[in-house]
Amino acid sequence: TSRQIRFSMIGQYLLASGLSGIVGMIVGGFLIKYVNAIYIPVTGLCNENNIVFFQTFGLILVLIILLVIYVFIQTRKVTTISPMQAISIGRRPVFFSGRGDISITNNIPVNINLKIAVKQVLGEWKKYITTLTIMSLLVFFTMAIGSISQLSKLDKLDGMFGGYRGDISIKYDDTGKLEIGDIKTAIEKESPIKKELYVYGEYVTIDSAEILCRVVKTSDMVNATLSGRVPKYDNEIIITQVSGDEMGKTIGDTVYVKCGEEEKEFIIVGTYQDISDAGKSISMLESGFKKIKPDFVNDRVRFYLEDNQKSGNIINELSEKYKNEVDRGNLIFLNEYESTKEDMKSIVIAIDALSSVAYVLAFIFAAIVACMISNKNFMREQNDMGIYKSVGFTNGSLRRQFTFKYIVVVALGGVIGTVVNIFCGDMILSLLLKNMGVTKYMTEYSVGLVTIPGLYIIGCTALFTWFISGKIKKVSPKELIKE
């Protein structure tokens, strides 16, 4: 009966998906430590090197249930099949009209193979919805990975992750402080100074909870805010979004900040982004911090250079010029540019590995989808190809038609995936990276980032559909005899 056939088909997919889930868990258990080796340097989150069995099993179960529902819906077509179709080798009545049909004999200056490919897609668009959806997701996924790979650039890392990094850092005492003006002049002779920073970090208490406080000398040194504005007065602070969510505070609210025995009230005037301490920090002006720590004295200055490549030579010259002060401990010169670049090596390696893995997975998925769907459609279209051959189309022409058809579908999927990523990609990445302290991810879209993922997926699909289309050589006009 129809019911028995439907349950038989559901059983086939249940068995296949169940075995796939078991194999996936076994392979995942083996690979998880290698995946963590890639992710930990990027995220800073130390995950366990073993599978969380119950959660993983629950997820697989949900996916299997969704698959069963989908197969159950799709197999309802079994009830419409009549024994007469078996006599005609499964063929249904043929209708030569459709709203998606277009003329291939008009004067549009396009190759006829492309015209036929577009006509076939528009005439039977329902067959390509699955391909369109999967390819859209693949393009979206590869674009998201491309967006994450931007973090390998130091400037992008500073803007995204917050914090305060300089190219040259100078620590000084009261004696060394007298030389800072001359040191600044010496630096400017070698390279223009982009920014000068006086920043200090210390833990303070808010509502009985310790939190990192960034102390900056003036408002123009504060990192850009996500909302609101930077502090201008000594009773104002800005907080990260993560801190605000934990404290239940937002712009306009007041908090009591305590350092040692001193406690003062401050008003929140903005939010910003900083991944230090998993995104839990506040920032205030030096004048405000002195209200809760009257004896505070900043002992470090940082310089951003226009040409940061010269930071090493500049430090060598300064160390030589101020050798006596360095020996006495009055001045300490640090090359933060080189140390940051060294620290970034593991992150860059991890991001590059992540990008490579993403493109390999995209290639595999594109191959699987292209082979499965194009092979299935090829079997359905053998008679059509026999007709085309009988009227003079060559094997090469038919192969190009077959390949163009999927290029059109994948190109449309690429456009959809790209548009969705532009509008929703940053929001999704922000949700994924929130545990790191990133509450507003900002992608810098370029021509390469927008076009390369789509072209890559189109190329992969074209390659494998062209491979499948090689079977056209075996198709003969004799297929028409079966009609």
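**Close-up views of helix packing and a strand contact**

**View 1. Helices α15 and α16 cross in a right-handed manner.** In this predicted model, local features need pLDDT of at least 70 and side-chain atom pairs count only at pLDDT 80 or more, while totals for chains, interfaces and linings use all residues. Residues are numbered from 1 along each chain as its sequence is written, and side-chain values use heavy atoms, with hydrogens and water left out. Helices (H or I, at least four residues) and strands (E, at least two) are DSSP runs, numbered from the N terminus. A crossing is termed right-handed if the near helix is turned clockwise from the far one by less than a right angle, and left-handed if anticlockwise. The axes of α15 and α16 come within 9 Å and cross at roughly 155 degrees; axes are lines fitted to C-alpha atoms, for helices over the stretch in contact, with angles from 0 to 180 degrees between N-to-C directions. The pair is therefore roughly antiparallel, the term for angles over 145 degrees. In contact (heavy atoms within 4.5 Å) are R399, R400, F402, T403, Y406, I407, V410, A411 and T418 of α15 with V450, I457, I458, T461, A462, T465, W466 and I468 of α16. These residues comprise 11 nonpolar, four polar and two charged, where Ala, Val, Leu, Ile, Met, Phe, Trp, Tyr, Cys and Pro count as nonpolar, Asp, Glu, Lys and Arg as charged, and the others, Gly among them, as polar.

**View 2. Helix α15 (residues 395-432) is kinked.** The kink, of about 55 degrees, is centred on C424; the bend at a residue is the angle between axes fitted to the seven residues ending there and the seven starting there.

**View 3. Helix α13 (residues 336-380) meets helix α16 (residues 447-468).** Their axes come within 9 Å and cross at roughly 40 degrees. The crossing is right-handed. Residues in the contact include Y359, F363 and A370 in α13 and Y456, C460 and F464 in α16. By class, the contact has 16 nonpolar, four polar and no charged residues.

**View 4. Helix α4 (residues 112-123) crosses α15.** The axes come within 8 Å, at roughly 50 degrees, and α4 and α15 are therefore oblique. Among the residues that meet are L114, A117 and V121 in α4 and F404, V408 and V409 in α15. Eight nonpolar, four polar and two charged residues make up this contact.

**View 5. K194 lies in strand β2 (residues 193-197).** K194 and L305, 111 residues apart in sequence, are 5.2 Å apart, C-alpha to C-alpha. Leaving aside neighbours within four places in sequence, K194 contacts Y304, L305 and E306.

Note on methods. Expected span 1.5 Å × (residues − 1). Parallel < 35°, antiparallel > 145°, perpendicular 65-115°, else oblique.
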